[in-house]
Amino acid sequence: GTLVASSCSTTDAAAALTVQRTERKMGTEPDLVWLQERLEDDALVSSLASLASRCACPEALRATAWRLFFEVVDPRAPDDWAATVASQRERYREMRDGAMARLAEAMEEALDDESEGGAAVEDAADQIRADLERCFPEGAGSHFMDPARQKTMFHILLAWAVNHERPGYRQGMHELLANLLWVFEKSFAATAIAVLPPESPLNALRVDLTFLEEDVYWLFDKLVDKWTPLYDNNLGLLVQDDNNIAKTKKKNGPSLVVQACERVQSSRLGEADPELRSHLASFSSKNDAVLPQVYMLSWLRLGFSRLLSIDDVAKLWDAFFAPPGFNGFGAPETLVAWLESCAVLLLVLQREKLLRADTGAGCLQILLRVVSPEPLFLSRHARRLHGDRASAAPIIASLRTQANLAAVLPSWLLSILGSVGLVAAAPRPSYQPRPVPGDDSYFTILSSTSNVLGRVLSFVYTFNECSVSCSCLLK
């Protein structure tokens, strides 16, 4: 579909792309031709970021875009890309072989933690294997059960864990990796028969299945580096002892990810929706409290990947990964800030259900079954919510209107009104195929005071309220 140019499109190249995309479907050889043109115009990253900020990066370009966004190679030095990638591939193979040798040694000699850390490596390997056996992202089926993919993912995760003792491997990292592997495979499928000039630096960034494991590893390494604060349970501070040797001192208090969960449900939600925040806080008894980490920890650690189909996760992450400055004024500048803003928005979208729940357990049941709206909606409104806490007010008002209409109209009538566009329903879940609506169409009641149906609905609601009041007075 046609892409609407946004305020974040600051280059002529991005504007030209908008016109091009109305004339052809991207995802074939012209995508790489367009990429080559942007490289020659010195507008490669800005053009890709403009697409990504709207969750609109084509599959053919996404793997390349993410590698540039995370600076796996230096975007400013395209002539060095081939040498950098070749060096990275060689270095990864050395790390992988070293990790596998260390694992084999640990298994053979049954080393403990006090000697070489062999038991820790073996424990990490066992946990990785167990996690990979239950890797079923929404929409991917049994794709990651393929033995070759399992082997690739095991190598990447083990090599990373051995070379990053802190935080080391943590449950959930395999799902982050699965999404990256999916993106690389999709990009390869979309560009397999495309041809670039032999001298083009972009050839170094094209997905090559021969080096898939090596190239995915380095993007995974950059990605987890941004996500590490949410996986590091060992809150430690480096201090100097009497001999000036750095040691880790344990710090009391919740982990960083638990702090982020509590911050979202308390201060961040309080700024956006004080009523909902107070309602969740009212369940304060030990056995009925709404603990945010129970439902939100997986949201933050996995980038909402369990709430979206795997293809929509890639679109949402487009917005997360686009460099700051291309997502519009006031957009989050860090990955953690993006995650927190999306979490606040998801809570606000569930407000009517949550406010009707009369127990903390009831609230948790609702929050554990959340399905995310589509990526464009989620990223766009999370961006606004981060820049302006008051931007949640129109959403809250519309959700209240929805609830009021649902109280006086039968569900079948409300469904019909929503299907014909007279009343906007709640955001559509991401799994269902649907057209992408306009900017605020989800939370717009199209029946205004000038609309006859709008007046009828308003009269029905008012009449119902009056009837209830009269009944109370007569009694």
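## Exercises on a predicted model

Phe-304 sits in the loop between helix 12 (292–301) and helix 13 (310–321). Helices here are DSSP runs of H or I with at least four residues, strands are E runs of at least two, and both are numbered from the N terminus. This is a predicted model, where local features need pLDDT of at least 70, side-chain atom pairs count only at pLDDT 80 or more, and totals for chains, interfaces and linings use all residues. Residues are numbered from 1 along each chain as its sequence is written, and side-chain values use heavy atoms, without hydrogens and water.

**Exercise 1.** Determine whether Phe-304 is buried or exposed.

*Solution.* Start with the backbone. Phe-304 is not a glycine, yet its phi is positive, about 65°. Next, take the cut-offs: buried is under 20% relative accessible area, exposed is over 50%, and partly exposed lies in between (1.4 Å probe, protein chains only). Phe-304 has a relative accessible area of 0%, so it is buried.

**Exercise 2.** Classify the accessibility of Glu-71.

*Solution.* Locate the residue. Glu-71 lies in the loop between helix 4 (59–69) and helix 5 (81–109). Glu-71 also has a positive phi, near 55°, and is not glycine. Its relative accessibility is 40%, so Glu-71 counts as partly exposed.

**Exercise 3.** Find the geometry of the peptide bond from Arg-166 to Pro-167.

*Solution.* Read omega. The value is near 5°, and the bond is cis. Then place Pro-167: the loop between helix 7 (147–163) and helix 8 (173–191) holds it. For context, most peptide bonds are trans, and most residues other than glycine have a negative phi.

**Exercise 4.** Describe how helix 5 and helix 9 cross.

*Solution.* The axes of helix 5 and helix 9 (residues 212–227) come within 9 Å and cross at roughly 95°. Therefore helix 5 is roughly perpendicular to helix 9 (the class spans 65 to 115 degrees). Now list contacts, meaning heavy atoms within 4.5 Å.

**Exercise 5.** Summarise the chain as a whole.

*Solution.* Count elements: 20 helices and two strands. Check burial: 49% of the 475 residues count as buried. Finish with contact range: of the contacts with a separation of 6 or more, 72% join residues 24 or more positions apart.

Terms used: Axes are lines fitted to C-alpha atoms, for helices over the stretch in contact, and angles run from 0 to 180 degrees between N-to-C directions. Angles under 35 degrees count as roughly parallel, over 145 as roughly antiparallel, 65 to 115 as roughly perpendicular and the rest as oblique.
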